[in-house]
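Hello,

Here is the structure I promised to pass on to you. Have a look at it first, and then read my notes below.

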Amino acid sequence: MAAAERTFSDVKEVILSAHKDTVAEDKVGFYNKWANNYEQDVDILDYRAPYLAAECLSAAFQGDRARAVVLDVACGTGLVASLLQKMGFQNFHGVDGSEGMLRLARRKGLYQDLKQCILGARPLPAPAESYDAVLIVGALSVGQVPCSVIRELWQVTKPGGYVCMTTRANASNREYKEELESVLQLMEQTGLWSRVTVLEEDLWEKAVSDQESGYIPGVVYLYRKSVGATHEQFNAMNQ
């Protein structure tokens, strides 16, 4: 179905369904069904998180982009990797819970490795301290991926590497955002990483709730893993 044949009303119903707090199997089934229309729908939604996250990482990244290995967590159809490739990054690994989304991501030919994993229900299938940059765009929100996954993102990032995360900042996601920021701050206070930047954006995506209008806000968080951070510090934080 072409994007022009779908309306904002169609997209609104899909997004409201995506935000529902359902069991993991139902959530995966939903994304499998949505996969073919996903990129069309987020274009209609004017969903800007992938671009904002890619720009944020690109502006701060100090390494060799051609050699850097990037882990795209909750990669979906590969929107973030497509943007980062245009910014000079070339090596991508991806993880997503939906095989339907991964099937479309494979078609792009950007990823050297793609794995299926329901985040939060199973360990992140990536080796420790292996990635120069790790991103998770769109999945950190109520009804999606638990905040506990953030610790796994830290574990698979190389010392000195970057972790880029996003979340919505509208009313329905407020409690999740507060929990997320509490975890980020605790990890910074423990010395596991340092904050590079926090980008607050008013025009995140079009509002779909009847209680909101125009656009909803969102946030991009970019942290850099401390070179001297130890697993003892990490384990102490989890106690």
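Which residue forms a salt bridge with E99? The partner is R106, and the closest N and O atoms are 2.6 Å apart. A salt bridge here is a side-chain nitrogen of Lys or Arg within 4 Å of a carboxyl oxygen of Asp or Glu. By this rule the count comes to 9 salt bridges.

Before going further, please note that this is a predicted model, in which local features need pLDDT of at least 70, side-chain atom pairs count only at pLDDT 80 or more, and totals for chains, interfaces and linings use all residues. Residues are numbered from 1 along each chain as its sequence is written, and side-chain values use heavy atoms, with hydrogens and water left out.

(Buried means under 20% relative accessible area, exposed over 50%, partly exposed in between, with a 1.4 Å probe and protein chains only.) Another salt bridge joins K115 to D113, with the closest N and O atoms 2.7 Å apart. K115 has a relative accessible area of 32%, and D113 has 25%.

E181 and K177 also meet in a salt bridge, at 3.0 Å from N to O. Both lie in helix α7 (residues 174–189), 4 residues apart, so about one helical turn separates them. Helices are DSSP runs (H or I, at least four residues), numbered from the N terminus. K177 is buried, with a relative accessible area of 17%.

Enjoy exploring!

Terms used:
Helix = DSSP H or I, 4+ residues; strand = E, 2+ residues; numbered from the N terminus.
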